[in-house]
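I opened this notebook to record, entry by entry, what I looked up in the model and how each term was meant.

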Amino acid sequence: MSDKVKVTIDGITVEVDNGTTILNAARQIGGDIVPPAMCYYSKLEGSGGKCRTCIVKVTKGSEKDPRPMPKLVASCRTTVMDGMEVLNITSPEVLEARAGVVEILLINHPLDCPVCDQAGECDLQNLGYEHGLQKTRYEFERRTFDRIDIGDKIQLHMNRCILCYRCVFTADQITNKRVHGILNRGDHSEISTYIQQAVDNDFSGNVIDVCPVGALTDRTFRFKNRVWFTKPVDAHRNCDHEKCNGKVTLWYKGEDVLRVTARKDQYGEVEEFICNTCRFDKKATSDWIIEQPTHIDDTSVIASNHYETLKPLHVIQPNQALQAANEIELHKTVKY
Amino acid sequence: MSRKLLLEHINVPGINTLDVYRQKGGYRAVEKALKTLTPEEIVEEVKKSGLRGRGGAGFPTGMKWSFLAKPEGVARYLVCNADESEPGTFKDRYLMTHIPHALIEGMIVSSFALGAKVSYIYVRGEMMPQIRILEKAIAEAKAAGWLGKNILGTGYDLELYVQPGGGAYICGEETALLESLEGKRGNPRIKPPFPAIAGLYGCPTVVNNVESIAAVVPIINDGGEEYAKIGIGRSTGTKLISASGNLVKPGVYEIELGLPVEEFIYSDEYCGGIANGKRLKATVAGGSSVPILPANLTLKYANGEPRLMSYESLSEGGFATGTMMGSGGFIAFDEDQCIVRNTWNFARFYHHESCGQCSPCREGTGWMEKVLHKIEHGHGSMDDVDLLWDIQRKIEGNTICPLGDAAAWPVASAIRHFRDEFEWHIKEPIKSQQQNYGIANYAVPIEKTVEVKSEN
């Protein structure tokens, strides 16, 4: 078999390496056709397949076996075959099923975004915004858990958890001792650290970054500020930890560094895991060498920090009346 | 009397001991297989017999065996799935309790056919008595030289272990079973790879139901072609049916596939009719996860022809008017039973047993249970029925393992066939708490139509 296979996603053909998953093939194309992924994390081996938000329809299995797959498949765990044809956003069936998954993910979610530190950079928030309903059809009591402090730096807010298992894989693969797992089953499942034993490891802070929702949050940043009021800046330092390269994003509010996170790519995945010293202990500007403002996508709520060039909305451009009404705003865009 | 293969000597006193089992012709299959047949020939016999998996899905066993990857230098495993926990199914427990050597004999032959040197019987944790029985039987067989090193001087070694599970329904799913057997949390794996390629400890593995493995014994004794003569069409051989519910004689029956459902329920040889002179309202034909059918569709197809106990016949008409053979857990409901309550009960079971790995099943099963609880207890609204339909549609087909489907199907079929009863619970909330809906028109015989409009 050749090394490259052809796959068509929503009518766009791309050539990818043999063994690539549909999701990664879609990421190579980029844009709107990339299925959302809540549990898949390219840096964590074995992740994915659980949240079911990335489901797609395979209308043609491969060149050799053109039968369609009977069910919608999880694109993060299904590898492409030569000549495969996949429908994502062009299939109403997929969109309906995905909306169903989003609704189901939200039924036991507390929806406490106004007090959640993750709000503004939350994958579930974005997903709900794009695919969810305006209101819930769930009218029963939501399942609740007590908050658990995992050590003095991390807080587990189990109510918000969507059980993506990313933190479990992180604890397994990034840190060298497993003190993290799932207890119970069904909708009582909870992430646990076995008798609340503190995660005592140099890299434990990364569970905060991999968490797609606000279940694992940074206690040093707790209630300090909304993320969209802070200014992200790329910075680095010479970290003496052998596995940490010290490349981070600093989140400023005025003069103060409120928190430090790993750098994230456009899919919200960290580029390199960072150690706890960088994350929790180095919170002075003098500790860091500033590189540049972090690139924030202009669809993100954090982009209201004006680092991006202001772009007038598309509807404004051709319309003279709207241009006149938005003169002040448009003037700002000229300035940049 | 129909032909019995598995339960032929079930009433012989002491059949659970090796001596009596041997007197009745036990372990003939091992002798025949190990001494006269090659592993390929055994697989070929099983293929010829047309034996289909007895655990629920009905996948041809011979085919499953031939898919087993055989890389050099890698161990292969046979795992027997005795994690029988489907509500309404108890045939494997019966077989293991009364005639454990049938399973062990089948395990030896099957392991030889697959080239497995170590085989496991994964028994559900609640079945501790059966685990003891199996362990005793294995010790007996080992002492007599049927297990261990160099069996019958043929140079074939086999170790057989019984592994008690933790008692989770999900561990009956083959990949969850393998995870559990490896000592991990019993979460289903994401397929592919299938166990035939990478199963237990990453080695090629076949997972078979207890009854499938026991059925290999008569296939080897009499030959696959002989076995294939029993039954009807692609449903060959005999099948154990666990009959329960409002029947005169509930219990485990061995039937030849192709027996009319009506005969199975009403004839004195089998269940002997509905208890207390009542009328049949509905049946669940294959264990709790298959669609429930009203009495009229149980006995006849939508076009009026009689329905038979076979894989094809039970699923005739798709999910619109049919059901599934499943694992053979036949539950009959008489006119006094409440379908809403039963559906709620099933939903409660699936809610409790969902492993919590993938979201639709984890959250959806709980949601369905709560909505059904609400309707059953007289607090429902008309929207709830539609909501329930919508939830089950969101779960079905979108999960990692079939548990999501199994949770969705009973709810879907109950709404499809018994919507009147759901609506009655909503319209008459007080009455529904005090009396039954009754049989309504669910048992009205279906007229034989002359011309059947073909679908699609």
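Predicted model: local features only at pLDDT ≥ 70, side-chain atom pairs only at ≥ 80, totals over all residues.

At what angle do the axes of helix α6 and helix α9 of chain B cross, and within what distance do they come? Residues are numbered from 1 along each chain as its sequence is written, and chains are lettered from A and ligands numbered from 1 in the order in which they are written.

Entry on the helix pair. I found that the axes of α6 (residues 100–114) and α9 (residues 210–222) of chain B cross at roughly 75° and come within 8 Å; axes are lines fitted to C-alpha atoms, for helices over the stretch in contact, with angles from 0 to 180 degrees between N-to-C directions. The two helices α6(B) and α9(B) are therefore roughly perpendicular to each other, a label given to angles of 65 to 115 degrees. Helices (H or I, at least four residues) and strands (E, at least two) are DSSP runs numbered from the N terminus. On α6(B) the contact includes B:L103 and B:M107, and on α9(B) it includes B:I213 and B:V217, where contact means C-beta atoms, placed from the backbone, within 7 Å. By class, this contact has 10 nonpolar, two polar and one charged residues; Ala, Val, Leu, Ile, Met, Phe, Trp, Tyr, Cys and Pro count as nonpolar, Asp, Glu, Lys and Arg as charged, and the others, Gly among them, as polar.

Entry on the sheet. I read an open sheet of five strands in chain B, ordered β3-β4-β2-β1-β5 with mixed pairing, two strands being paired if DSSP finds at least two bridges between them. Because β3 (148–151) and β5 (205–209) of chain B stand at the edges with a single partner strand each, one side of each is left without a neighbour in the sheet. Strands β1 (residues 77–82) and β2 (residues 118–123) of chain B pair in the parallel sense over six bridges, and B:L78 stands opposite B:S119 in β2(B). Helix α7 (residues 128–143) of chain B lies across β2, β3 and β4 of that chain, at about 165° to β4(B).

Entry on the chain contact. I listed 23 residues from chain B and 25 residues from chain A; on the side of chain B, α16(B) gives the most, with nine residues.

Definitions and conventions. Contact = placed C-beta atoms within 7 Å. Parallel < 35°, antiparallel > 145°, perpendicular 65-115°, else oblique.
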